Amino acid sequence: MHLAGRAYVLVFLAAVLGISAIWSEAAAGLSGLWRIPLALLLAGLTIEAWYLGRVRLAARLDTTPRAFLGRAQPAALAVANAAGRPLTLEYAPALPPGFEPLSGVRRLTVPARGVCRDSFTLVPVRLGPQRWPKLPARVLGPLRLAWWTRALEPAERVRVAPDTLRHALRPRGLAGGSRTRRVAGAGAELHQLRAYAPGDPLSRIDWKATARAGTLVTREFSEDQHLDILVAVDAGRFSRVGAGRLDRFGLYANIAARFAEVATHNDDRIGLVVYADRVLAACAPARGLAGMTRVRQALEELTVRAAESDPTAAAIRMRALLKHRSLVVLLTDLDDASIAGQLTRAVRLLSPPHLTVVAGVRSTEIEALAAREARAWDDPWIALAAAEHGARAAAQRVRLARLGVPVVAAPAEQLEPAVFAEYETLRRARRV
């Protein structure tokens with residue numbers, strides 16, 4: 001309980017009357033008047049405590065039960081007042097650790113026998129189920145003498161899943177992925193006949209169909225390339241480093257989930273391995289909606305581990321999962337010098353027979369520190385340390401490239417399109 005403005009007025013009045021009675025001979029007969037404001041204050045506080053003890057406040061969280069990592073979504077706290085008069089309350093917007101915190105104390109007035117909604121925006125930053133905690137609150141008494149402590153209990157649970165592509169791709173084929181799709185490509189099986197277009201190879205012209213139609217007709221063949229793709233996500237302690245609103249593990253999880261959508265659209269098989277000091281989750285490559293769903297469900301249950309990453313152990317598990325040549329996309333931290341040797345050994349374990357792509361965040365903050373103009377005595381030392389860190393990361397990328405491994409290093413906001421572009425390039429070039 002905390003006194004409000006009116007209570008302090010009564011306390012001040014009692015103090016003035018008491019001091020006046022002490023120092024003024026004319027007010028000697030009024031020496032007991034200071035007790036009246038205090039008596040009124042105590043009586044008012046008693047009434048407020050009795051009244052609010054009978055008032056029931058119910059709170060609920062109005063938002064979708066499923067949130068997507070890194071994607072802002074609207075929410076509102078709805079407070080219901082069963083009392084016969086309006087109530088003013090303040091509360092601290094405490095959130096589960098999986099959401100970006102809100103600042104400040106929020107105030108609202110709940111109408112008599114009504115509901116008041118306080119709207120705000122939630123930004124999920126961690127995967128998994130998030131249970132709402134009790135919200136510290138205080139209610140202003142009906143006589144406005146004091147704030148009385150309460151706790152609002154929304155008791156809702158929101159599940160944070162990896163984000164999806166903003167423009168969803170419609171998966172082709174059967175939901176289980178048991179039928180391959182046929183699209184125009186460079187395969188050997190005839191897909192369709194169509195009108196000749198400038199630039200079509202002469203070897204593709206169907207002369208019999210041309211003679212019948214009286215115009216040039218081109219043969220199109222089915223695309224018979226169906227890749228096995230395994231996305232490996234590093235969940236070691238270094239993945240806790242921030243990458244915009246998310247940490248790096250959150251960024252990698254979103255890339256893996258969206259990659260599954262793209263692979264499903266291309267009728268490729270998609271699998272997942274998540275590792276730290278040991279393998280935390282493993283899904284063999286599967287085609288269709290079933291494969292994409294398994295990847296997303298596995299990612300929802302995981303978080304960063306406070307342990308050093310061991311990519312070598314993950315590579316051994318990946319070799320056991322993959323039955324023939326596949327594309328392995330390893331999302332890890334290229335600037336973590338402590339695992340440089342293990343990362344090299346992991347790549348050598350996988351390649352050959354598999355084609356491995358190593359992708360990670362290139363820190364623009366460290367690059368800016370290395371190039372920043374010195375303004376304080378310690379700025380040169382900071383720039384030197386940043387430059388050395390950048391040199392080690394560049395050397396790591398060069399070492400991997402010499403092994404014939406495509407390396408994708410980009411700022412956090414550009415990493416996903418860079419990884420997808422590399423995948424499309426390798427697919428068109430039939431490198432796998």
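Me: Phe-99 and Trp-132, buried or exposed?
Reply: Both Phe-99 and Trp-132 are buried, where buried means under 20% relative accessible area, exposed means over 50% and partly exposed lies in between, with a 1.4 Å probe and protein chains only. Please keep in mind that this is a predicted model, in which local features need pLDDT of at least 70, side-chain atom pairs count only at pLDDT 80 or more, and totals for chains, interfaces and linings use all residues. Residues are numbered from 1 along each chain as its sequence is written, and side-chain values use heavy atoms, with hydrogens and water left out.

Me: How many aromatic pairs does the structure hold?
Reply: It holds 3 aromatic pairs; rings of Phe, Tyr and Trp (its six-membered ring) pair if their centres lie within 6.5 Å, and planes under 30 degrees apart count as stacked, over 60 as edge-to-face and the rest as tilted. One of them is the tilted pair of Phe-99 and Trp-132, at 5.3 Å centre to centre with 55° between the planes. This pair links distant parts of the chain, since Phe-99 is in the loop between β5 and β6 and Trp-132 in the loop between β8 (128-131) and β9, 33 residues apart.

Me: And what about Phe-259 and Phe-420?
Reply: Their ring centres are 5.7 Å apart and their planes stand at 75°, so this pair is edge-to-face. Phe-259 belongs to helix α4 and Phe-420 to helix α10 (residues 412-429), so the pair ties together parts that are 161 residues apart in sequence. Helices (H or I, at least four residues) and strands (E, at least two) are DSSP runs, numbered from the N terminus. Phe-259, Phe-420 and Tyr-423 form one aromatic cluster.

Me: Switching to the sheet: in what order do the strands run?
Reply: The open sheet has 5 strands in the order β1-β10-β9-β5-β6, with antiparallel pairing, and two strands pair if DSSP finds at least two bridges between them. The edge strands, each pairing on one side only, are β1 (2-3) and β6 (106-110). Strands β9 (residues 135-140) and β10 (residues 146-152) pair over 6 bridges in the antiparallel sense, and Ala-137 stands opposite Arg-150 in β10.

Me: What about Asp-267?
Reply: Asp-267 has a phi near 65°, again positive in a residue other than glycine, and is placed in the loop between α4 and β17 (269-275). With a relative accessibility of 2%, Asp-267 counts as buried.

Me: Which residues touch the most other members of the largest nonpolar core?
Reply: Among its 86 residues, those are Leu-152, Leu-272, Val-274 and Leu-415; a nonpolar core is a set of buried Ala, Val, Leu, Ile, Met, Phe, Trp, Tyr and Cys residues joined through side-chain atoms within 4.5 Å. Helix α4 (residues 248-265) gives the most to this core, with 11 residues.

Me: Where are the cis peptide bonds around Pro-352?
Reply: One joins Ser-351 and Pro-352, with omega about -10°, and another runs from Pro-352 to Pro-353, with omega near 10°. Pro-352 lies in the loop between α7 (340-350) and β20 (355-361), and Pro-353 is found in the loop between α7 and β20 as well.
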